[in-house]
Structures are given as C-alpha cells and as structure tokens.
Amino acid sequence: MNFIDNYWMKKALNQAKKGKQRGEVPIGSVLVKGNYLVSSSCNSCISLFDSSAHSEILVIKTGGIKLKNYRLYNTVLYVTHEPCFMCSAAIINSRICRVVYGSYSSNKHNFSYFMNLLYINNIKHHIKDIKSGVLLYECSSLLKNFFKKKR
C-alpha cells in the first residue's frame, strides 16, 4: 500500500505546487476510485473569490459530477495537508471510504476537529481507513516554505 499511497500523494503534491504558482496556499488533493484518477485540484480560494474553495471541496464536487453521484462510495481522497473542519464534514457527507493525508496541522485544534468529527459514533457514515504522514517531509516543507516567504 505504501507504493500506491506515495504515488497518489505525489499527484496531490503536484496539484499543491500548481496552487502555489498561482499564489494560493499550497494544498492539493486527488480523488481515486479503483486506482484510477477521478478528479484533482488545488486550493483556489483566492482565484475563485470563494472561502470554501479548498482542494478537498473542489475534488469532491468534480468527483460527484464525473461519477454522477454525490455519494463517492469506494473512493480514496489523498490530500497534502490534514483536512479542516469544513472539509472533514464534506468528506463524511460524500461517503469517501478512505482518507490519506500528508502533513499535520500545527494547530492542535484542527487535528482534534478532524479526528473527533470522523469518529463520532452517531454519524451514519464512517471513514473506513485514515492514514496520515504520507510524504510528510515533502508536504510539510511545501507549506512551511510558502508561509516563510509570505512573512
């Protein structure tokens, strides 16, 4: 599984780099089903003038259109950084079965929101597998360097 996870996380990193070139916070995502790419995106909040245009939200929207279903059963979401609260809720509502992310949030509250939201017992859909830290150095370096240059 490591080879496959690394392969798709590199694709998500490429999306994050595209976002960085456009001045966006460099976070990228890809949605995969049966080892085939369904959709990919980078953060686009600035370019779309939309605070909800996180990479995860955009891949979920495009994935639903391509699969002709808002329920994205048997899909895997690869994202370069730990999903925020908003994206975590969208992941649950879209019925994604597995989430793989790279870097962790430096804000401990984001981590608790993500993990707590995904493990609440009374939610009908549960993510079957969550894997973190995939290509951790590459994912976290991209974000750290981006914010260093901004400051």
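Leaving aside neighbours within four places in sequence, which residues is Ser103 in contact with? They are Thr80, His81, Glu82, Leu136, Cys139, Ser140 and Leu143, where contact means heavy atoms within 4.5 Å. The legends below begin with the fold and return to this residue.

The model is predicted, so local features need pLDDT of at least 70 and side-chain atom pairs count only at pLDDT 80 or more, while totals for chains, interfaces and linings use all residues. Residues are numbered from 1 along each chain as its sequence is written, and side-chain values use heavy atoms, with hydrogens and water left out.

**View 1. Overall fold of the predicted model.** The protein has six helices and five strands, and along the sequence they follow the pattern α-β-β-α-α-β-α-β-α-β-α. Helices (H or I, at least four residues) and strands (E, at least two) are DSSP runs, numbered from the N terminus. Of the 151 residues, 48% count as buried; buried means under 20% relative accessible area, exposed over 50%, and partly exposed in between, with a 1.4 Å probe and protein chains only. Among contacts with a separation of 6 or more, 60% come from residues 24 or more positions apart.

**View 2. The five-stranded sheet.** The sheet is open, with strand order β2-β1-β3-β4-β5 and mixed pairing; two strands pair if DSSP finds at least two bridges between them. Strands β2 (36-42) and β5 (129-132) stand at the edges with a single partner strand each, so one side of each has no neighbour in the sheet. On average, neighbouring strands are turned by 15° against each other, direction ignored. Axes are lines fitted to C-alpha atoms, for helices over the stretch in contact, and angles run from 0 to 180 degrees between N-to-C directions.

**View 3. Strand β3 and its two partners.** Strand β1 (residues 28-33) pairs with β3 (residues 75-81) in the antiparallel sense over five bridges. Within this pairing, Ser29 has Val79 as its bridge partner in β3, and Val30 has Tyr78. The pairing of β3 with β4 is parallel and also spans five bridges. Here Leu77 stands opposite Val99 in β4. Seven of the seven residues of β3 are buried, so the strand is largely enclosed by the rest of the structure.

View 4. Together, β3, α4 and β4 make a right-handed β-α-β unit. A crossover is right-handed if, with the strands pointing away from the viewer, the path from the first strand over the helix to the second runs clockwise. In helix α4 (residues 85-94), the buried residues are Cys87, Ser88, Ala90, Ile91, Ile92 and Ser94. An α-helix has 3.6 residues a turn, so residues three or four places apart point the same way. Just after α4, Arg95 takes a positive phi of about 70°.

View 5. Ser103 is found in β4 and counts as buried at 2% relative accessibility. Its side chain makes a polar contact with the side chain of His81 (2.6 Å). A polar contact is a pair of N or O atoms within 3.5 Å; within protein, one must be able to donate a hydrogen and the other to accept it, and residues adjacent in sequence count only if both atoms are side-chain atoms. Ser103 and Ser132 are 29 residues apart in sequence, with their C-alpha atoms 7.3 Å apart in space.

**View 6. Helix α6 and Ser141.** Helix α6 (residues 136-150) lies across β3 and β4 (98-103) and runs at about 60° to β4. Ser141 lies in α6 and counts as buried at 17% relative accessibility. The side chain of Ser141 reaches the backbone oxygen of Tyr137 at 2.8 Å.

**View 7. Aromatic pairs.** Rings of Phe, Tyr and Trp (its six-membered ring) pair if their centres lie within 6.5 Å; planes under 30 degrees apart count as stacked, over 60 as edge-to-face and the rest as tilted. The count by this rule is three aromatic pairs. In one of them, Tyr7 and Trp8 have ring centres 4.9 Å apart and planes at 85°, so the pair is edge-to-face. Tyr7 is partly exposed, at 39% relative accessible area, whereas Trp8 is buried at 5%. The rings of Tyr101 and Tyr104 have centres 6.0 Å apart and planes at 85°, so this pair is edge-to-face. Tyr101 is buried at 1% relative accessibility, and Tyr104 is partly exposed at 38%.
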